[in-house]
Amino acid sequence: MTTPSSEESTVTATTPDTANTPDTASILAGLGEVLHEVAGTPADKVVREAGFEADLDIDSLTMVEVVVACEEKWNVRIPDAALEGLRTVGDAADYIAGAAK
């Protein structure tokens, strides 16, 4: 019986594939696009600190449309329970970034 030499025996380390994971900046830009398409919100108003309801005038029905568009755009699932905690654009960007990993 032969044993493999050190050159034949290799161990491949696996790391998570982050090449296709969007970063927060690209998610913020994408949220600007989504909000413009769904609600007509000017992109310059879509900043991390902006509140969906207070600053962007996004009502609950429109927010559902935003969520559906985000789920499709980033291939993530945003359950109703999580939606309740998404008060600002930054909250949404952070959630999507975490869910897309």
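Helix α2 (residues 60-74) has 15 residues and spans 21 Å from first C-alpha to last, close to the 21 Å expected at 1.5 Å a residue. The expected span is 1.5 Å times one less than the number of residues. This is a predicted model: local features need pLDDT of at least 70, side-chain atom pairs count only at pLDDT 80 or more, and totals for chains, interfaces and linings use all residues. Residues are numbered from 1 along each chain as its sequence is written, and side-chain values use heavy atoms, without hydrogens and water.

Helix α1 (residues 24-39) packs on helix α4 (residues 89-99).

| Pair | Angle | Axis distance |
|---|---|---|
| α1 and α4 | about 125° | 9 Å |
| α1 and α2 | roughly 130° | within 10 Å |

The α1 and α2 axes cross at roughly 130°. That makes α1 oblique to α2. The crossing of α1 and α2 is right-handed. Contact means heavy atoms within 4.5 Å.

α1 passes α4 in a right-handed crossing. From α1, T24, I27, L28 and L31 make the contact. From α4 come V89, A92, A93, D94, I96 and A97. These residues divide into eight nonpolar, one polar and one charged.

Notes
Axes are lines fitted to C-alpha atoms, for helices over the stretch in contact, and angles run from 0 to 180 degrees between N-to-C directions. Helices (H or I, at least four residues) and strands (E, at least two) are DSSP runs, numbered from the N terminus. A crossing is left-handed if the near helix is turned anticlockwise from the far one by less than a right angle, and right-handed if clockwise. Ala, Val, Leu, Ile, Met, Phe, Trp, Tyr, Cys and Pro count as nonpolar, Asp, Glu, Lys and Arg as charged, and the others, Gly among them, as polar. Angles under 35 degrees count as roughly parallel, over 145 as roughly antiparallel, 65 to 115 as roughly perpendicular and the rest as oblique.
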